[in-house]
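Thanks for coming. I have one structure to go through this morning, and I will keep to the local details.

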Amino acid sequence: MNTRHLRIGLFASLIGGLCSQSLAQEAYRLPPPEIVAILDAPPTPSVSLSPDRSHILLVQRENLPPLRELAKPMARLAGMRLDPATNGRHGPRRYVGLTLRALPDGRDRAIRLPDDPDVGFPAWSPDGSRFAFTITGEHGVQLWIGDTATAEAEPLTGFNLNTTLGGFTWMPSGDRLLCRFVPEDRGERPERLRVPIGPVTQQTAQRTAPVRTYQDLLKDAHDEALFEHLLTSQLAIVDASTGERTNVGKPAIFSTASPSPDGRFLLVTRVRRPYSYLVPFYSFPAQVEVWDTTGRPVADIAMLPLRDTTPIGGVPTGPRRITWQNNADARLVWAQALDGGDPKAEVPHRDRILALDAPFTGEPVEVLRVEDRFSRINWIAQGQLALVSEYDRDERWTRTWLYDFARPAAPGTLVFSRNRQDRYADKGSPVTTTDPRGRRLVHVHDGSVFLSGQGATPEGDRPFLDRMSLREPFATERLWRSQGESYETFAGLLEDDGSRILARYETKTQPPNYFIRDLAAGTRVAITSFPDPHPQLRGLRKELVKYERDDGVQLSATLYLPPDYVQGERLPLLVWAYPFEFNDAATAGQVRGSPHRFTRISGTSHLFLLTQGYAIMDRAAMPVVGADPETVNDTFIEQIVASAKAAIDAAAELGVADPDRAAVGGHSYGAFMTANLLAHSDLFRAGIARSGAYNRSLTPFGFQSERRTFWEAPEIYFQLSPFMHADKIDEPILLIHGQMDNNSGTFPIQSERLYHAIKGHGGTARLVMLPYESHGYRARESVMQTLAEMIDWLDRHVKYAPPRSASESLATPGEGDGGR
């Protein structure tokens with residue numbers, strides 16, 4: 001008897017009954033033991049380099065938190081998820097320990113902390129002599145200070161920090177911190193009335209206000225009261241040595257509070273009423289002011305109205321992104337739209353940048369204008385120079401200019417200009433360092449700056465470090481580039497001239513570790529020795545695969561094969577992907593990633609299926625190409641089907657995959673892609689769709705890169721909605737969704753309704769709703785369950801599936817039944 005058919009029969013006898021049952025709730029399950037062992041391995045620590053480059057902090061990460069941490073009471077208010085017990089953000093802990101390591105000798109000193117701590121990521125003082133972090137307890141958040149010289153840490157405050165909108169920041173002097181506290185006299189938490197005083201009402205009248213599909217918004221008067229109760233904080237300056245606290249101003253809801261570079265002023269943004277039930281807190285009315293460090297108002301900068309009328313894809317009118325100029329003592333800068341915030345308006349300049357110097361009593365000065373939308377400023381540690389970037393959304397084009405903010409209205413000089421999606425043309429990002437005042441500035445040495453980039457090439461990424469002159473024509477010199485069958489990235493400067501750097505090195509078989517690289521001597525000294533988290537996977541095979549779509553678009557994917565793969569064996573195949581839109585085929589076909597990276601498998605990664613005998617085409621390119629971004633989605637279906645077919649064909653031509661046993665999967669927009677592929681082709685035997693959106697009429701003001709509204713292009717919304725084609729989804733689909741998904745557009749109801757539609761038409765589907773989980777899944781129980789579900793589904797419907805009948809075909813749009 002055929003061995004494969006025997007396995008099919010045995011497997012079917014074990015699970016056959018499940019296929020016909022509709023279960024309400026099941027106990028949590030575990031994936032196979034080999035996967036559990038990998039998941040339970042300690043995670044690699046995060047690394048933070050001190051400003052003086054003398055030490056690194058190894059920040060131990062939580063592995064898989066228990067579900068009970070996600071199940072703690074939560075307040076969902078104005079786009080946030082808060083823990084009412086601690087007055088902080090809701091969610092499981094991320095970090096559990098700190099170790100201080102000296103450079104270059106690598107001497108370790110563990111920081112003594114309370115038992116089983118919930119540690120916030122540390123923030124270095126400007127000179128690196130101290131570091132601050134939070135400890136979250138059962139009933140509050142406490143600020144701790146660590147001493148670099150002694151490697152000792154102690155609490156600086158009680159459990160009374162308010163971290164809902166921040167928590168603390170170092171003052172430029174480095175001996176004090178600006179903190180937010182729970183007001184001492186704020187009173188009891190408001191309780192919801194068992195019997196409401198009346199209905200909740202909203203009203204509009206001839207006021208255009210298109211909004212995205214936000215979640216966790218305010219719903220009623222009780223939410224408003226609880227929002228004010230939890231988010232109101234008292235600013236205070238705290239001495240880093242003694243803990244002495246000096247209150248600053250009166251309590252308010254501070255969305256921002258930051259000291260000026262010279263430490264004399266505070267820029268504060270206070271959220272004001274009326275609140276909205278349609279947008280998150282950051283679009284509420286707000287008062288932007290400058291205070292002195294005692295809390296005395298110095299100047300009113302802007303009164304920002306409720307920002308619910310911003311055009312889709314546009315920006316608010318009036319001042320936005322108000323911030324300090326980091327390379328000046330006390331100067332504010334902000335952007336202001338010249339096109340009414342409307343990206344479709346035809347104007348010579350879209351934005352202007354204004355500046356206002358202390359004492360903030362004069363009129364702001366216009367420093368520059370940009371033709372396209374302002375995107376960012378990198379302040380340079382030389383005079384008042386800055387790199388200013390703008391972005392043309394129609395052409396997907398970005399340009400970066402060098403400006404001198406000490407010379408308002410002086411023309412800028414073009415430094416970079418490229419298609420944002422053209423990775424091969426990316427010159428890198430400016431390297432920043434922390435100055436003695438704690439300001440992040442583009443590092444300058446001898447009239448040049450440093451650029452660090454991914455170094456994308458047709459053979460994969462080759463990270464680099466360049467030096468670029470600040471004088472035209474901005475000549476660059478290559479200082480270092482990742483070489484050989486390895487992947488090495490720049491992690492920080494250790495010398496001002498760039499002669500020594502901190503680098504992160506890895507290969508296919510060696511996990512990432514940090515090294516001190518001497519560029520002049522060509523030497524490399526290890527300063528960490530993180531072990532392989534899953535040595536049982538050392539034999540897995542990985543290669544970059546290039547192939548071509550039937551319309552000539554170049555594609556690529558990373559092909560993974562199991563550690564025990566036998567040459568010539570054809571394995572069941574999983575294609576895992578996420579679609580992206582491009583203006584042209586040249587950028588769409590560029591290679592992304594590197595074949596030389598270490599493969600770290602964790603969480604709910606689909607790569608765990610390697611342990612179960614699957615071949616995986618990972619990050620399989622799914623480009624949607626169109627010269628006009630307004631209409632690029634008109635051929636979305638045809639293009640993803642063509643890309644999927646090309647991926648299967650490529651794996652089959654290599655002799656490693658059985659094209660008759662192929663599955664497709666994706667997360668979020670990748671789940672949307674998966675459902676569409678099952679609805680509009682017969683390429684796959686089954687699919688896995690996690691946290692997706694399937695009915696685009698529920699995201700009527702645009703989604704992903706779609707700019708048209710439902711009313712402007714109803715036929716496209718219908719065509720691209722798998723829900724509308726549920727009757728055509730006749731391949732088995734596994735739908736997984738967090739019950740508390742707060743990602744814009746991917747409401748949990750999206751998966752529930754698609755499941756109902758498929759069931760109503762006699763299709764095969766399984767719906768798994770994960771309690772307390774959001775868009776991604778974090779709890780140990782949820783991660784284990786998700787992997788168990790994925791393995792069982794693919795084993796049942798792909799790996800051990802009987803061969804297709806002769807009547808079944810691998811049809812593509814335009815073939816067979818209505819384009820199937």
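Predicted model: local features only at pLDDT ≥ 70, side-chain atom pairs only at ≥ 80, totals over all residues.

Start with the open sheet of 4 strands, which runs in the order β20-β21-β22-β23 with antiparallel pairing. At its edges are β20, residues 319-324, and β23, residues 365-370. Each of these has a single partner strand, so one side of each has no neighbour in the sheet. From one strand to the next the twist averages 20°. β22 and β23 pair in the antiparallel sense over 5 bridges. Across from Asp 351 stands Val 370, in β23.

Now the loops of that sheet. Asp 339 and Arg 350 form a salt bridge, with the closest N and O atoms 2.7 Å apart. Both residues sit in the loop between β21, residues 331-337, and β22, residues 351-357, so the pair ties together parts that are 11 residues apart in sequence. Are these two buried or exposed? Asp 339 and Arg 350 are both buried.

Further along, in the loop between β22 and β23, is Phe 360. Its phi is near 70°, which is positive in a residue other than glycine. Phe 360 has a relative accessible area of 5%, and because buried means under 20%, this residue counts as buried.

A second salt bridge joins the side chains of Glu 366 and Arg 369, at 2.8 Å from N to O. Glu 366 is partly exposed at 27% relative accessibility, and Arg 369 is partly exposed at 39%.

Next, a salt bridge elsewhere in the chain. Arg 766 and Glu 789 meet through their side chains at 2.7 Å, N to O. Arg 766 is in strand β48, residues 765-770, and Glu 789 is in helix α10, residues 780-799, so this bridge ties together parts 23 residues apart in sequence. Its two ends have their own accessibility values: Arg 766 is partly exposed at 22%, whereas Glu 789 is buried at 3%. The pair belongs to a network of salt bridges that links Glu 26, Arg 29, Arg 766, Glu 789 and Asp 792. How many salt bridges does the count come to? The count is 53.

On to helix α7, residues 669-680. With 12 residues at 1.5 Å a residue, α7 should span 16 Å, and its end C-alpha atoms are 16 Å apart, which agrees. Of its 12 residues, 12 are buried, so α7 is largely enclosed by the rest of the structure. Among them are Tyr 669, Phe 672, Asn 676 and His 680.

Now the region around β31, residues 444-445, where Val 444 is found. What does Val 444 touch, leaving aside its neighbours within four places in sequence? Its contacts are Ile 380, Ala 381, Gln 382, Val 449 and Leu 470. In the loop between β31 and β32, residues 448-453, lies Asp 446. Asp 446 is exposed, with a relative accessible area of 74%.

Last, the cis peptide bonds. One joins Leu 103 and Pro 104, with omega about 5°; Pro 104 is in the loop between β6 and β7. Another runs from Arg 273 to Pro 274, with omega near 5°, and Pro 274 is in the loop between β17 and β18.

That is the tour.

How values were computed: Residues numbered from 1 in each chain as written. Heavy atoms only, no water. Salt bridge = Lys/Arg side-chain N within 4 Å of Asp/Glu carboxyl O. Helix = DSSP H or I, 4+ residues; strand = E, 2+ residues; numbered from the N terminus. Buried < 20%, exposed > 50% of the residue type's maximum accessible area, 1.4 Å probe, protein only. Pairing = 2+ DSSP bridges. Axes fitted to C-alpha atoms, helices over the stretch in contact; angles between N-to-C directions. Contact = heavy atoms within 4.5 Å. Expected span 1.5 Å × (residues − 1).
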